[in-house]
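Hello,

Here is the structure I promised to pass on to you. Have a look at it first, and then read my notes below.

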Amino acid sequence: MNNRLWLFWNNPNNRKEPAYVTLCKWAVLHNWSDSNPIFLNEGNIEDYLPGIRSKVEGIQVNVKGRLDRLSRKFKHNPLNEAVKCDVYRANILKKLVVYIVM
């Protein structure tokens with residue numbers, strides 16, 4: 001039960017979780033029964049990575065494209081969800097490596 005499986009899903013604007021995400025979670029729970037899946041989201045990410053939101057807010061995304069340029073005119077520093085998830089993943093890995101080394 002020490003094998004941890006880290007998963008992150010964010011539902012923007014408090015929308016209901018899509019059915020395919022729920023199905024994936026059930027599949028993980030069924031097929032990875034010997035592991036300890038940890039389902040991360042915006043509500044509990046600070047429990048595992050204290051202060052991560054302040055790190056993520058300061059990131060500026062340099063994405064090219066007409067839609068991105070247009071959205072920057074109306075919303076300052078829009079953060080791409082994929083970039084935010086990459087930051088979460090990198091910090092979880094950093095935390096795990098520190099624990100393994102110690």
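First, the ground rules. This is a predicted model, in which local features need pLDDT of at least 70 and side-chain atom pairs count only at pLDDT 80 or more, while totals for chains, interfaces and linings use all residues. Residues are numbered from 1 along each chain as its sequence is written, and side-chain values use heavy atoms, with hydrogens and water left out.

**The fold**

The chain holds 5 helices and 2 strands; these are DSSP runs numbered from the N terminus, with helices being H or I of at least four residues and strands E of at least two. Along the sequence they give the pattern β-α-β-α-α-α-α. Strand E1 (residues 4-8) pairs with strand E2 (residues 36-40) in the parallel sense, over 5 bridges; two strands count as paired if DSSP finds at least two bridges between them. From E1 the chain crosses through helix H1 (residues 19-31) to E2, and this β-α-β crossover is right-handed. By that I mean that, with the strands pointing away from the viewer, the path from the first strand over the helix to the second runs clockwise. Looking at individual bridges, Trp-6 has Ile-38 as its partner in E2, and Leu-7 has Phe-39. In a regular strand the side chains alternate between the two faces of the sheet.

Of the 102 residues of the chain, 22% count as buried; buried means under 20% relative accessible area, exposed over 50% and partly exposed in between, with a 1.4 Å probe and protein chains only. Among contacts in the chain with a separation of 6 or more, 58% come from residues 24 or more positions apart, where contact means heavy atoms within 4.5 Å.

**The largest pocket**

The largest pocket has a volume of about 320 Å³. Its lining has 15 residues, of which Trp-6, Leu-7, Phe-8, Trp-9 and Arg-89 are the closest to the pocket centre. For the method: on a 1 Å grid over the protein atoms alone, a cavity is a set of points where a 1.4 Å probe fits but cannot get out, whereas a pocket is an open set with protein on both sides within 12 Å along at least five of seven lines, and lining residues have an atom within 4 Å of a point. Grid points are joined across faces, edges and corners, and the volume is the space filled by probe spheres set on the points.

Which elements give two or more residues to this lining? They are E1, H1, E2 and helix H5 (81-101), and H5 supplies the largest share, with 5 residues. By class, the lining divides into 13 nonpolar, no polar and 2 charged residues. Here Ala, Val, Leu, Ile, Met, Phe, Trp, Tyr, Cys and Pro count as nonpolar, Asp, Glu, Lys and Arg as charged, and the others, Gly among them, as polar.

Ile-38 sits in strand E2 and counts as buried, at 8% relative accessibility. Beyond its neighbours within four places in sequence, Ile-38 is in contact with Arg-4, Leu-5, Trp-6, Leu-7 and Tyr-48. Its C-alpha atom is 6.9 Å from that of Arg-4, 34 residues apart along the chain.

Ser-35, in the loop between H1 and E2, is buried with a relative accessible area of 5%. Ser-35 and Leu-5 are 30 residues apart in sequence and 6.7 Å apart in space, C-alpha to C-alpha.

Is Asn-10 buried or exposed? Asn-10, which lies in that loop, is buried, with a relative accessible area of 16%. Not counting residues up to four places away, Asn-10 touches Glu-42, Glu-81 and Lys-84. Pro-18 is found in that loop too, but is partly exposed at 25%; leaving aside neighbours within four places in sequence, Pro-18 is in contact with Trp-9 and Asn-11.

Finally, Arg-53 in helix H3 (residues 52-57) is partly exposed, with a relative accessible area of 32%. With residues up to four places away not counted, Arg-53 touches Glu-42, Gly-43, Ile-45 and Glu-46.
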